[in-house]
Amino acid sequence: MRNVSGMIFMLAVFCLWAMVPAHAQDERSVPTMDVTGQASITVPPNQASIFFAVETSEPRAALALEKNTKLTDRVIRELKKAAGKDTEISTSSFTLQPLYEREKDSGSRSSAIVPKAYRVNHSIIVKTPALDTIGELIDAAVSAGATRVSSLSFSRSDNDELQKQTAARALENAMENAKVLARSAGLDLREITYIQFVPNIVQPRGGEAVLAEGDALMPILPGQVVIDSYVNVTFELGR
C-alpha cells in the first residue's frame with residue numbers, strides 16, 4: 001500500500017507541474033545576447049620554414065632510391081654548412097611510387113598498364129630563426145641538387161602568447177559591442193554566461209621571395225605576420 005500511495009503522490013505532483021501555464025514557464029527564462037569580438041596583432045616574423053623537395057626517377061625502384069639517397073645526403077650537408085644557429089633540418093615526408101604507361105600488345109588489340117619508372121620524393125623542412133640566411137639556404141639546397149622549393153612561410157615562435165593577447169583584446173571588443181547594442185535596445189547587461197575563444201591561423205602578409213637580376217643570392221622580404229583572434233560571448237540581459 002505504501003508503494004501505491006507513493007506512486008499516486010508522484011503522479012499528482014507531475015500533474016500539478018504540467019498544469020502550470022506555459023507563459024509562467026517562459027517568464028522564468030532569462031533573455032540573452034550573443035556577441036562576437038575580434039582583435040588583431042601585426043608583428044614582424046622571427047622564424048621561417050622552407051620546404052625543399054629532392055626528386056629522382058629511374059627505371060628500377062632500387063636505382064631511384066639509391067640516387068635519391070645520395071642526392072638528399074648532399075643537400076642536407078650543404079644546408080648544414082649554410083645554416084645559422086638554432087636551425088632545424090628534418091625530413092617532412094618520403095614517397096616511392098611507380099610511374100605507369102599503357103603498353104600495347106602487338107598480337108592483340110588489348111593493352112596493359114605497366115610501370116615505366118619509379119619516382120622517389122624526399123621532402124626536407126628547414127626551420128630557422130635567422131631570416132637573413134634564407135637566401136643562402138635556398139641557393140645552397142638548389143646548388144646541391146634540390147629539385148624544388150615547395151614553400152616558404154614565416155611565423156612567430158611566441159604565437160601562443162600572442163594569441164592570448166589578441167584573445168583578451170577580442171573579449172574587450174565583444175564587451176564594448178554588447179554595451180552599445182544593449183543600450184540601443186534599452187536593456188541592461190548582466191553577467192556573462194558563455195565565452196568561446198576561436199584562435200585563427202597565423203597569416204603572413206607581404207612576404208615574398210624575388211630573384212633580383214644580377215644577384216647571386218635570393219633576396220627575401222618577410223613582410224609582417226597578422227594574428228587574429230575571435231571570441232564569442234553570451235550575455236544575460238535585464239530590463
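Colleague: Which side chain does Arg-148 meet in a salt bridge?

Modeller: A salt bridge is a side-chain nitrogen of Lys or Arg within 4 Å of a carboxyl oxygen of Asp or Glu. Here the side chain of Arg-148 meets that of Glu-55, at 3.0 Å from N to O. Please note that this is a predicted model, in which local features need pLDDT of at least 70 and side-chain atom pairs count only at pLDDT 80 or more, while totals for chains, interfaces and linings use all residues. Residues are numbered from 1 along each chain as its sequence is written, and side-chain values use heavy atoms, with hydrogens and water left out.

Colleague: How many salt bridges does a search of the whole structure find?

Modeller: The search finds six. Among them, Glu-58 pairs with Lys-67 at 3.3 Å, N to O, and Lys-70 pairs with Glu-66, their closest N and O atoms being 3.5 Å apart.

Colleague: Why are Lys-70 and Glu-66 separated by about one helical turn?

Modeller: An α-helix has 3.6 residues a turn, so residues three or four places apart point the same way. Lys-70 and Glu-66 are four residues apart in helix 3, which means about one helical turn between them.

Colleague: Is Lys-70 buried or exposed?

Modeller: Buried means under 20% relative accessible area, exposed over 50%, and partly exposed in between (1.4 Å probe, protein chains only). Lys-70 has 55% relative accessibility and therefore counts as exposed, whereas Glu-66, at 42%, counts as partly exposed.

Colleague: Which residues of helix 3 are buried?

Modeller: They are Ala-64, Asn-68, Leu-71, Thr-72, Val-75, Leu-79 and Ala-82. The face turned away from the buried side carries the exposed residues Lys-70, Lys-80 and Lys-81.

Colleague: Which residues touch the most other members of the largest nonpolar core?

Modeller: A nonpolar core is a set of buried Ala, Val, Leu, Ile, Met, Phe, Trp, Tyr and Cys residues joined through side-chain atoms within 4.5 Å. Of the 24 residues in the largest one, Phe-52, Val-75, Leu-79 and Ile-134 touch the most other members. Helix 4 gives the largest share of this core, six residues.

Conventions
Helix = DSSP H or I, 4+ residues; strand = E, 2+ residues; numbered from the N terminus.
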